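Subject: Structure for you to look at, with notes

Dear colleague,

Here is the structure I promised to pass on to you.

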Amino acid sequence: MALGTWAIGGWMWGGTEEKDAIATIHHALDRGINLIDTAPVYGFGQSEEIVGRALEGRRDKVLIATKAGLDWSGEGIVRNSKPARLEKELEDSLRRLKTDVIDIYQIHWPDEATAFEQTAKTLEGFRRDGKIRAIGVSNFAPEHMDRFLKEAPLATIQPPYNLFERGIEDDVLPYAKKHDIVVLAYGALCRGLLSGKITAKTTFDGDDLRNNDPKFKAPRRAQYLAAVAKLDALAKDKFGKSVLALAVRWLLDRGDTIALWGARKPSQLDAIGDVMGWHIDNATMKEIDKILDETVKEPVGPEFMAPARTKAA
C-alpha cells in the first residue's frame, strides 16, 4: 500500500489542516508505508509542500511519486505536457518536496496536443540527468502507452481502480502485466463510498468533489450504499472484517497492484492492519460480483474527474 495525498492538499476535499496532514504522513511511515504519492495540482502546490516538510529527516526512508502535465496558469485546469511546462513543473516539485531527486515521475493525464513520444523523450532526459529515477503515467490508455514506450521505459501506470470502478480490467491491467508495468491503483475506497461511513444523509463541504460525483447523487447513491451494506455483511460473516478492509484486500488480491490509501487524519490509517494477513478466496470473489450485479443497476465510472483537454495544434 501507498499513501495518497490528494485530500491532504485540500483542493476538492473541503480544505486541509497542515498539522493533521503532517501527522498523517508520519503515522503512515510508522505503519510501514514507504511510498507517498502526490501531485502539484493537489492544492496547487500545497500537498507537495506538506509532503516535503513531513519528510525532512526521513527522506531516505521513503519513495516519492509525484506528477506533471497539468497547467492552471490560465483559466481552469488544462492538460499541458509540452517540454517547457514539464521542465518548470519538475523544478517546482523538487523545490516543494525539498529533494534533489524524485523516485517516480508521472504524467498526470494524457495530453493529445503534445506528441506522446515527445513527452516520453522529455521525461527520459530528466531520468538520464539524475533528477528522476523512474517514469510513470496516470490515466493513460494502452494506445497512449504504446507511443510512450517508443521513447522511454515505463515503470508504473496509475489508473482509478476499486470494487465500483473496474473499467481497466479489460485493457490497462492486461497491458500492464504484459509489459511488466506496476499498477498504482488510486481511489481504492471510491472517494469514501467503500469506507462504510457514508450514509444517505452525508453532505460534503465547500469544493468537495463528491458534490459533483454522480455516484453520490440520486438515484445512484442508494444503489451504491445498498451494495456497501451487503458487502459489509459479507465481510463480517466470512472474515470478521469491515467493508473497508474487504475493499482494499480485494484490490490487492487482483494481481500486481499497489493500493493508494488516501487519508488526511492519522486515524484514517488505523484499519491498515485489518487488510493484511488474509486473502479473498475465489468463491467469495464471485459472491462479491453477484452483490454488485444485484444492487448497482446504473453503474458509472470516474470520468467526471477528468480535466479539460487541450486542442491539438
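This is a predicted model: local features need pLDDT of at least 70, side-chain atom pairs count only at pLDDT 80 or more; totals for chains, interfaces and linings use all residues.

Residues are numbered from 1 along each chain as its sequence is written, and side-chain values use heavy atoms, with hydrogens and water left out.

Helix packing

The axes of H3 (residues 46–54) and H4 cross at roughly 40° and come within 7 Å; helices (H or I, at least four residues) and strands (E, at least two) are DSSP runs numbered from the N terminus, and axes are lines fitted to C-alpha atoms, for helices over the stretch in contact, with angles running from 0 to 180 degrees between N-to-C directions. From H3, Glu-48, Glu-49, Val-51 and Gly-52 meet Ser-93, Arg-96 and Leu-97 of H4, where contact means heavy atoms within 4.5 Å. The residues of this contact are two nonpolar, two polar and three charged, with Ala, Val, Leu, Ile, Met, Phe, Trp, Tyr, Cys and Pro counted as nonpolar, Asp, Glu, Lys and Arg as charged, and the others, Gly among them, as polar.

H4 (residues 83–97) also packs against H5 (residues 116–128), at an angle of about 35° and with the axes 10 Å apart. On the H4 side Pro-83, Leu-86, Glu-87 and Leu-90 take part, and they meet Gln-118, Thr-119, Thr-122, Leu-123 and Phe-126 in H5. This contact of H4 with H5 divides into five nonpolar residues, three polar and one charged.

Nonpolar cores

The largest nonpolar core has 86 residues, of which Phe-148, Phe-164 and Leu-231 touch the most other members; such a core is a set of buried Ala, Val, Leu, Ile, Met, Phe, Trp, Tyr and Cys residues joined through side-chain atoms within 4.5 Å. Helix H9 (residues 243–252) gives the most to this core, with nine residues. Apart from this core lies another, of 16 residues, among them Trp-6, Tyr-42, Leu-70 and Ile-104. Leaving aside residues up to four places away in sequence, Phe-148 touches residues including Ile-107, Phe-116, Leu-123 and Leu-154.

Ala-28

Ala-28, in helix H2 (residues 18–30), counts as buried at 0% relative accessibility (buried means under 20% relative accessible area, exposed over 50%, and partly exposed in between, with a 1.4 Å probe and protein chains only). Its C-alpha atom is separated by 7.0 Å from that of Leu-269, which is 241 residues apart along the chain.

Backbone points to check

Most residues other than glycine have a negative phi, and most peptide bonds are trans. The peptide bond from Ala-218 to Pro-219, however, is cis, with omega near 5°, and Pro-219 has its place in the loop between strand E9 (182–185) and helix H8 (220–239). The loop between E9 and H8 also holds Cys-190, which has a positive phi of about 50° although it is not a glycine, and Cys-190 is buried, with a relative accessible area of 0%. Asn-139, in the loop between strand E7 (132–138) and helix H6 (142–148), has a positive phi near 65° and counts as buried at 15% relative accessibility.

With best wishes
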